[in-house]
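Work through the following exercises with the sequence and the coordinates open beside you.

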Amino acid sequence: WTKFWNAPLKPERPLTPDFVKALIATETSFLILPDTSSKIGAARGPIQITEATRKILRNPKGELSDHLIDLTVEDSRETEPNIAAGIRWLYHKRYLLEHRIKREASWEEVAAEYKGIFRQIGKDKRTNRIMTDLIHFHDLLKEKRGSLK
């Protein structure tokens with residue numbers, strides 16, 4: 001799915017499968033969980049698509065004007081469509097964050113925005129632990145991939 005979204009959205013620094021795996025590891029540990037509650041409603045699937053996000057991703061009159069995903073509630077619980085939608089949402093979060101901070105955002109910053117903790121980075125222990133875990137998982141995956149070459 002990273003290749004699928006990197007192609008039309010053409011980021012300067014493409015999103016990698018390893019980064020998405022690290023994000024999923026910090027969201028659900030790759031466990032199949034029932035819908036969980038979040039501050040903004042039910043979250044579903046391995047990458048934790050919220051109900052609000054699902055509605056935005058499929059609304060042609062909403063904040064996304066291109067590359068919409070017609071994701072049903074049931075689809076949002078299925079691994080493949082959930083991850084595809086989550087990656088599309090990461091790109092949208094990147095767009096919004098970069099406009100707010102007025103510079104290019106790293107994928108780590110985008111993940112923090114995705115998780116709703118960007119503004120707490122460096123300010124509280126829980127946020128710092130979440131970000132440390134994300135970076136640690138990503139580094140492990142890159143290291144493992146490097147050792148396979």
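A residue is called buried when its relative accessible area is under 20%, exposed when it is over 50%, and partly exposed in between, with a 1.4 Å probe and protein chains only. The model is a predicted one, in which local features need pLDDT of at least 70 and side-chain atom pairs count only at pLDDT 80 or more, while totals for chains, interfaces and linings use all residues. Residues are numbered from 1 along each chain as its sequence is written, and side-chain values use heavy atoms, with hydrogens and water left out.

**Exercise 1. Describe how helix H1 packs against helix H5.**

Step 1. Axes are lines fitted to C-alpha atoms, for helices over the stretch in contact, and angles run from 0 to 180 degrees between N-to-C directions. For H1 (residues 2-9) and H5 (residues 79-101), this gives an angle of about 35° and axes 9 Å apart.

Step 2. The crossing of H1 and H5 is right-handed, the near helix being turned clockwise from the far one, whereas a left-handed crossing has it turned anticlockwise by less than a right angle.

Step 3. H1 contributes Thr 2, Trp 5, Asn 6 and Leu 9 to the contact, and H5 contributes Ala 84, Ile 87, Arg 88 and Tyr 91.

Step 4. Sorted by class, the contact of H1 with H5 holds five nonpolar, two polar and one charged residues, where Ala, Val, Leu, Ile, Met, Phe, Trp, Tyr, Cys and Pro count as nonpolar, Asp, Glu, Lys and Arg as charged, and the others, Gly among them, as polar.

**Exercise 2. Count the aromatic pairs and characterise two of them.**

Step 1. Rings of Phe, Tyr and Trp (its six-membered ring) pair if their centres lie within 6.5 Å, with planes under 30 degrees apart counted as stacked, over 60 as edge-to-face and the rest as tilted. The count by this rule is three aromatic pairs.

Step 2. Phe 4 and Trp 5 make an edge-to-face pair, at 5.0 Å centre to centre and 90° between the planes. Phe 4 counts as partly exposed because its relative accessibility is 48%, whereas Trp 5, at 5%, counts as buried.

Step 3. Tyr 91 and Trp 107 are also paired edge-to-face, with 5.1 Å centre to centre and 80° between the planes. This pair links distant parts of the chain, with Tyr 91 in helix H5 and Trp 107 in helix H6 (residues 107-115), 16 residues apart.

Step 4. Tyr 91 is buried at a relative accessible area of 8%, and Trp 107 is buried at 5%.

Step 5. Ring pairs also join Trp 1, Phe 4 and Trp 5 into a cluster.

**Exercise 3. Which ring does the charged end of Arg 94 sit over, and what surrounds this arginine?**

Step 1. A charge sits over a ring if NZ of Lys or CZ of Arg is within 6 Å of the ring centre and within 35 degrees of the ring normal. The charged end of Arg 94 sits over the ring of Trp 107, 4.4 Å from its centre.

Step 2. Arg 94 belongs to helix H5 and is buried, with a relative accessible area of 7%.

Step 3. Apart from neighbours within four places in sequence, Arg 94 is in contact with Arg 13, Glu 104, Ala 105, Trp 107 and Val 110.

Step 4. Another such arrangement places the charged end of Arg 88 over the ring of Trp 5, 5.7 Å from its centre.

**Exercise 4. Explain why H6 is described as largely enclosed by the rest of the structure.**

Step 1. Eight of the nine residues of H6 are buried, and therefore the helix is largely enclosed.

Step 2. The buried residues include Glu 109, Glu 113 and Lys 115 of H6.

Notes:
Helices (H or I, at least four residues) and strands (E, at least two) are DSSP runs, numbered from the N terminus. Contact means heavy atoms within 4.5 Å.
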